[in-house]
Amino acid sequence: MTQQPQQISPTGESGTEENPVAETTATADSTATEVTSTNTAVVGRSPARMAWTRLKRDKVSMVSLVLTVIFILAAIFAPVLTALGGWGPITSDVKSINPDIGNYPYGHFGGISAKHWLGVEPGTGFDLFARIVYGLRTSLAVGLISALLSTVVGVVVGLAAGYFGGWIDNLLSRIMDVVLAFPQLLFIIALTPVIQNAFQTDQHGGTDENLRLAVLILNISAFAWAYTARLVRGQVLSLREREFVDASRIMGAGWVHILFRQLLPNLWAPILIAFALAVPANITTEAALSYLGVGVVPPNPDWGALLSQASEYFLIDPTYLFIPGVLLLVLVLALNLLGDGVRDALDPRANRS
Amino acid sequence: MFRYVIRRLLISAVILLVISFITFVIFFALPSNPALLACGKTCSVQRLAEIKHSLGLDQSFWTQYSEFLKGLFAGRKFGDQSVLITCAAPCLGISFKTDEPVLTTLFNRFPADLSLALGSAVIFLIVGVGLGVIAAVRKGKLIDKVAVSGALFGVSLQSYFVGLLLMWAFVDKWQILAAPGYTPITQDPNAWFQGLILPWVTLVILYLAMYTRLSRSSMLETMGEDFVRTARAKGLSRRKVIFKHALRAGITPIVTIFGMDLGSLIGGSAVITESVFGINGIGKLAVDSVTDSDLPVIMGTTLFAATVIVLANVVVDIVYGVIDPRVRLA
Amino acid sequence: MMRKTRSVALLATATALALGVTACSSSSKSTGSGSSDAVQKGGTLTYLAPSDFDSLDPQRVYTTEGQNMVEEIVRTLTGWQEKTDGSAPKLVGDLATDTGEPSQNDTVWTFHLKPGVKYQDGTAVTSQDIKYGVERFMSPDITGGPGYAAQWLVGASSYKGPFKGQDLASIQTPDSSTIVFHLNQPVYDFNETTAMAGWAPVPKAHDTGANYSTGVWATGPYMIKSYSKGKELVLVKNPYWSASSDPIRDQNVDEIDMKQGLDRSAIDQQLRADGPDAMNAVQQWPIAGADLTQIANDPTLKSRYHVIKSPGISYLALNVNRIKDIHVRQAIEFALDKTTARGAFGGSAYGDYASTMLAPGVEGHKDFNLYATSPSGDQTKAKALLAQAGNPKLTLSLAVENTPTQTNFADAVKSSLANVGITVNIVPVDQANYFSTLDNTKNQYDMAWMDWIPDWPNPSTVLPILFDGRQIAAQPASNQDISYLNDPAVNSQIDTIAKMTDPATADAAYGALDQQILADASVVPLFYMNFDELSGGNVQGLVPDPVNASLNFAHVWLKH
């Protein structure tokens, strides 16, 4: 997805209205005073509660929420699940594959059997079910952590740019421009080995698999923060002229107070939405990088890496491609629908779906 | 207007300069040693040093960077000995692997990206906006629901999964289509079209969704605005209101996003589609050059893609100013 | 000294995705040429390739597929005569009248040129042009290529190529049809080196230095008409090539049109379907993994499916500095299950199980097996050997390329060693830098996957390169002895054989040396590598060429 270009309109803000993520502006504004004043003692229904009620009424969102929770639980309890299945993620069932024809699994549908619920990985003879639940851990962890990281950085930069204005805004906005102008995927491909090498303790050519995870998270966040920053900046620009901000300023509040006490609480809705949509986007990026061979390094299992491997075997063993492919689709779709539902719930006016 | 354009172009130039610098820094830090790769198997220490010199890799970072910048404007000459390769301005350097000027390689690859981008963009723009408008007009009806949910479905798909699935079904299983790939249109228009069907479909599936969604919401918004209501109140037909008034206003945000998408597609951002279908575009070139440690090519592809994206940004802003009367460029 | 093998490693990896076949090793020689059709002239041979060559510059090319193509464009001092009848390749004089005259204990080699050999513009080939060509090897602008010239010619190590006017005194041209090479050591198979593409004439007037690959001046049956790197190469008949002086090549087709940058799987499917575009086509790279099972098991494709037995070997190097106990190394030899390991590379189509380092196609190959008779290993024996070693608790590192195939292979090794209680720690190394990383003595692992295809089928391009331990100190950045074997007995035997002048004696001595090295268990030979290719229905006269591990075009013709 692309973002709104910067200097579109004279005020610099009206342009952001087309940004799907920015559509909550109005709600955030209208509920602003409420949120700050009802921080502790809630009388009546808080906006969060109202949003939750609305979300609950949306069937699609609830299904997505349930799916998301199932995925998260499966990731957390991966060891328990594989114990039930009887095969770990890196134990090879040599008897299930045919070494004469390229270690393809015996049997139909990728070797699905009572022993191997989702079949066997061609090439290695690993249990696909175990690979998938452990791979889910990787995908979710990378998606969540990088979304968290990019949101935090984006919010801080966006707040600073929007609130201080002047040269700070100019500088930060130009940095955002540069980041957004980068051909991201191409750049991450080039960047990954560089950063990996800089931090790697084994300088003998091997690739440290856990360091690679950190590098991936870092790289994905390094390009994702600018979207959030631009969004938050736009919101701050419109909020800082509001009466309640003026009021605190007149009452002698410092900028720290205004930024974090007055402005930030009014931004939680767009930030939450940005975060919710960043998670599936980052999972997609991570999977794409792993597909291109610059992502997660074995023995860490990962869905993108699984699909990359499956692409070599899919003409003979399409099951091996379908299962992780469909699961990845379901995961990302559920997260997207959930993010969508959250937005609708927070912004009833938009009434999207 | 003129001053605005000049200013935007200047800013773009600065952004590109910064990007070139950052890219250069990264190459410098790349773990692999291109001289060693070029040297081959039995590489004596002395020959390695000579090759390093021949490739210009023995110079300091700043010398190399300023040589690169100079080459952009004045051209460069390569080769240590009497046989030189001349690389005319704007020189992006010489590929370590093929000894070909990077710009030549980029121009060779560019038609593939252009075909891929334009073909798919035309489809997803027209179909996407069409579906979006229908969905907006029939809000709440079945078609609306299908369009909206289909949209998110498309966004959640992975291009390689779609691509491989399509290949599996159409090429291998049913054998309806020939194996995909890129043939220049000048050489064989029929093969060009046939080879690009699946890549186009893949990109359309991925992008269509977003356009449907955006044009739907944009249409809904404009249809609620005063000027549309006024037009309706004036007694204009519903059809006329939708197509003459609402669509024109509603399409402006789509134009901006379309411009950006087209820019990044042309710049080689469809890396995965290219590698799934074996299309030798700039995206694939970039991925290959990273594996080969072909620094000048990495630099060239990155800069090229960034340039296209930055320029698309400028064009989009200008177009936006032209079609949306509310925006004044200053 | 040979990077060919390693570049071929890329090929091997690519094939690696291969899904093998159960019974394919039989069909190799049943090529279309077997039919009694008379050779027809004319037509355009299409050559489908996923990527460009490393170079077409004779002094720079160092991949099997590149060398295979360059051989159609340039003629070299000697060459391999390959026949369609399936006989082994034979070394003959190509530009030279014979295979050279060694003297002074094989350190001086003299070649006489055949009269009347011409370039594509009709000018005569001189011995000075060959001298100039060989001198180009040493220029730092001419990157890549094999290092034999620089290594063996007297004074070459301090010589930097002919571009600034200097010449190399150890190559003498007493007249324009005689060339003499002075070597700094005896090389009994030097005339096999001179069959490599770089020992070809380059006319100084047409030398464009680093750009020469697009304008190679032809002496062979075909010359470059147009070449757009990474896209298309068109070769047409060289009017000045004379069949009478060329014992190796024919000139049957009118044109060779090579299309580059195609998807590998698309190439396979095109050839399989044998449509109008593919009937006259051959492929540059072996059949891609996913397609191999499909193609190899299809009886209708049998006449167009070629298995090329290369003299290459895929092996596991055991670092003797790190795994010091010979019993442990021998235990690994016995414990390794080569069946699943080969399955990871594609199964039986990838190659036959190996027990020696010299493949059957290499001169001097001696058939022996010191370890497990079953390819799935002998765990009882392995455990017994480990007990002899005192049952140490072992965790060993294993370096492989970071590709799905190789990590699958590593997993197979890990599983089979786990059965005897050895833990394996897999170290994936970036594919493009794999060999340059592993060849650096700074980067040592307990075990490492390796492969090797000799530059010519002589044991001198295998054993001395892979097992002469003195190179570890001498060339720390490009060490080929990944086992780090530095055994004085092996080193001195290498020196002894090098001084031998009778090829047959030398070959036999190498065969014995192979066994001596294997007894030390510093390597686990895995597979003798095969390459599988498909050709279009009209293409005849292809020869599966073990030297270049490709389909040889020398006698190719098109049915029409």
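This is a predicted model: local features need pLDDT of at least 70, side-chain atom pairs count only at pLDDT 80 or more; totals for chains, interfaces and linings use all residues.
I will start with chain C. Its secondary structure amounts to 16 helices and 21 strands. The C-alpha trace of chain C spans about 75 × 55 × 35 Å along its principal axes.

Two further numbers on the packing of chain C. Of its 560 residues, 63% count as buried. If we take the contacts in chain C with a separation of 6 or more, 75% of them are between residues 24 or more positions apart.

Now to chain B. The chain is divided into two domains: domain 1 covers 33-91, and domain 2 covers 102-329. How far apart are the centres of domain 1 and domain 2 of chain B? Taken over C-alpha atoms, 39 Å separate them.

Next, the annotations on chain B. These come from an unreviewed UniProt entry, which has "transmembrane region" on residues 9-30, 116-137, 149-171, 191-210, 246-266 and 297-323 of chain B. I looked at two of those spans in the model. Residues 149-171 of chain B are 91% helix and 0% strand, with the end C-alpha atoms 28 Å apart. Residues 191-210 of chain B are 100% helix and 0% strand, and here the end C-alpha atoms lie 30 Å apart.

The unreviewed UniProt entry also carries "domain: ABC transmembrane type-1", on residues 110-320 of chain B. In the model that span is 83% helix and 0% strand. The end C-alpha atoms of residues 110-320 lie 27 Å apart.

Last, the contact between the two chains. On the chain B side 37 residues take part, and they are in contact with 41 residues of chain C. Which helices of chain B each supply at least two residues of the side that touches chain C? They are helix 2, at 34-39, and helix 3, at 45-54. Helix 3 of chain B gives the largest share of that side, seven residues. By residue type, the side of chain B that touches chain C divides into 14 nonpolar, 16 polar and seven charged.

Chain B has two domains, and helix 3 of chain B supplies the largest share of the side that touches chain C. That is all from me.

How values were computed: Residues are numbered from 1 along each chain as its sequence is written. Chains are lettered from A and ligands numbered from 1 in the order in which they are written. Domain bounds come from an automatic or database domain assignment. Helices (H or I, at least four residues) and strands (E, at least two) are DSSP runs, numbered from the N terminus. A residue is buried if 20 or more other C-beta atoms lie within 10 Å of its own, exposed if 12 or fewer, and partly exposed in between; C-beta atoms are placed from the backbone. Two residues are in contact if their C-beta atoms, placed from the backbone, lie within 7 Å. Ala, Val, Leu, Ile, Met, Phe, Trp, Tyr, Cys and Pro count as nonpolar, Asp, Glu, Lys and Arg as charged, and the others, Gly among them, as polar. UniProt positions are given in the numbering used here, feature names are shortened, and annotations may be inferred rather than shown by experiment.
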